[in-house]
Amino acid sequence: MADPTNHNQAGEVAPSTVDKQAPSVAEEHAPSTDSPEATDLPTANTPDPKAANPETNPNAAKPVATPPRREKPAAAAKAAVGEKPAAATEEKPAAAAKAAKKEKAPSVEDKPFVEFIEQDYLPALQKAIAQQGVQDLQVSFAKQKVPITGFESAEECWQIIGSWKEKGQRQFNLYFPEEDIQGKKGFSCNEGKKPSTLESFLIDERKITLDLLVFGLVQRLDGQKWLGIN
């Protein structure tokens, strides 16, 4: 009986020597599976170092540098001198206008003493006393001696002298020895005779105003029963 390994069967093609050698050639060049081994073959993920170096390859892409941030000239100048932004500077005029509104206008009581008496107090006093029924009131403002016994050696002081005829001659004096409506004040009155008593006037009030000066004197005259139906 013939050996099948030495003779090809009918219809079969004997393998060529190339096919027999292919496995062995592939095994020689195949990388070992035991440990990784670097090769000199470039891959798709690793660029060629020479091609990526712009010093050796002029066609290599150079990195784009980000330009430095530049401030606007106006903003830079304001920052250099420490100037506040426009919103902050606009608040100053508004604050100044608000402060100006809070400032009160000067009152009549702030006028010089003589000017206040002549321009404001005397007209207001005459009007208030006239409203109480006194028609022939005569009012004067003078700096003179106090017409009371015992004050002959005292210095002259400003006085308001008012008089009218009503069941005789009625006269009152309002004294300002300090030439200041906020200072000490005195009062005296008489009916055809020289006054004998000098009394204090509005000593308990902390701040004297035009209205208070008028009201205080009218009230004192009314207490003397010189006004109205008295």
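In which strand is Ser 188 found? The points below take up that residue and several others; the model is a predicted one.

1. Ser 188 belongs to strand E4. Its relative accessibility is 1%, so Ser 188 counts as buried, the cut-off being under 20%. Once neighbours within four places in sequence are set aside, Ser 188 is in contact with Ile 148, Gln 171, Phe 172, Asn 173, Tyr 175, Pro 195 and Thr 197. Leu 198 is 10 residues from Ser 188 in sequence, and the two C-alpha atoms are 5.3 Å apart in space.

2. Gly 162 sits in strand E2, which covers residues 157–165. With a relative accessible area of 0%, Gly 162 is buried. Leaving out residues up to four places away in sequence, Gly 162 touches Leu 137, Gln 138, Val 139, Arg 170, Gln 171 and Phe 172. For one of these, Leu 137, the C-alpha atom is separated from that of Gly 162 by 6.7 Å, although the two residues are 25 apart along the chain.

3. Burial of the two partners should be noted separately: Arg 170 is buried, at a relative accessible area of 6%, whereas Glu 191 is partly exposed, at 44%. Strand E4 is also where Ser 188 is found.

4. How many salt bridges does the count come to? The count is four. Besides the pair in point 3, one of them joins Glu 199 to Arg 220, where the closest N and O atoms are 2.8 Å apart. Glu 199 lies in strand E5 (residues 199–200) and Arg 220 in helix H6 (residues 210–223), so the pair links parts that are 21 residues apart in sequence. Glu 199 counts as partly exposed, at 27% relative accessibility. Arg 220 is likewise partly exposed, at 22%.

5. Asp 120 is part of helix H5, residues 113–130. The side chains of Asp 120 and Lys 111 meet in a salt bridge, at 3.0 Å from N to O. Is Asp 120 buried or exposed? At 15% relative accessibility, Asp 120 counts as buried, because the cut-off is under 20%. Not counting residues up to four places away in sequence, Asp 120 touches Val 108, Lys 111, Glu 115 and Leu 210.

6. Val 108, one of the contacts of Asp 120, is placed in the loop between helix H4 (86–102) and H5. Its relative accessible area is 27%, and Val 108 is therefore partly exposed. Beyond four places in sequence, Val 108 touches Phe 116, Asp 120 and Leu 210. Val 108 and Leu 210 are 102 residues apart in sequence, yet 7.7 Å separates their C-alpha atoms in space.

7. How do H5 and H6 pack, and what is the angle between them? The angle is about 40°, and the axes are 10 Å apart. That angle makes H5 oblique to H6. The crossing of H5 past H6 is right-handed. On the H5 side the contact is made by Phe 116, Asp 120, Tyr 121, Ala 124, Leu 125, Ala 128 and Ile 129, and on the H6 side by Leu 210, Leu 213, Val 214, Leu 217, Val 218 and Leu 221. The residues of this contact divide into 12 nonpolar, no polar and one charged.

Note on methods. Residues are numbered from 1 along each chain as its sequence is written. This is a predicted model: local features need pLDDT of at least 70, side-chain atom pairs count only at pLDDT 80 or more; totals for chains, interfaces and linings use all residues. Side-chain values use heavy atoms; hydrogens and water are left out. Helices (H or I, at least four residues) and strands (E, at least two) are DSSP runs, numbered from the N terminus. Contact means heavy atoms within 4.5 Å. Buried means under 20% relative accessible area, exposed over 50%, partly exposed in between (1.4 Å probe, protein chains only). Axes are lines fitted to C-alpha atoms, for helices over the stretch in contact, and angles run from 0 to 180 degrees between N-to-C directions. Angles under 35 degrees count as roughly parallel, over 145 as roughly antiparallel, 65 to 115 as roughly perpendicular and the rest as oblique. A crossing is left-handed if the near helix is turned anticlockwise from the far one by less than a right angle, and right-handed if clockwise. Ala, Val, Leu, Ile, Met, Phe, Trp, Tyr, Cys and Pro count as nonpolar, Asp, Glu, Lys and Arg as charged, and the others, Gly among them, as polar.
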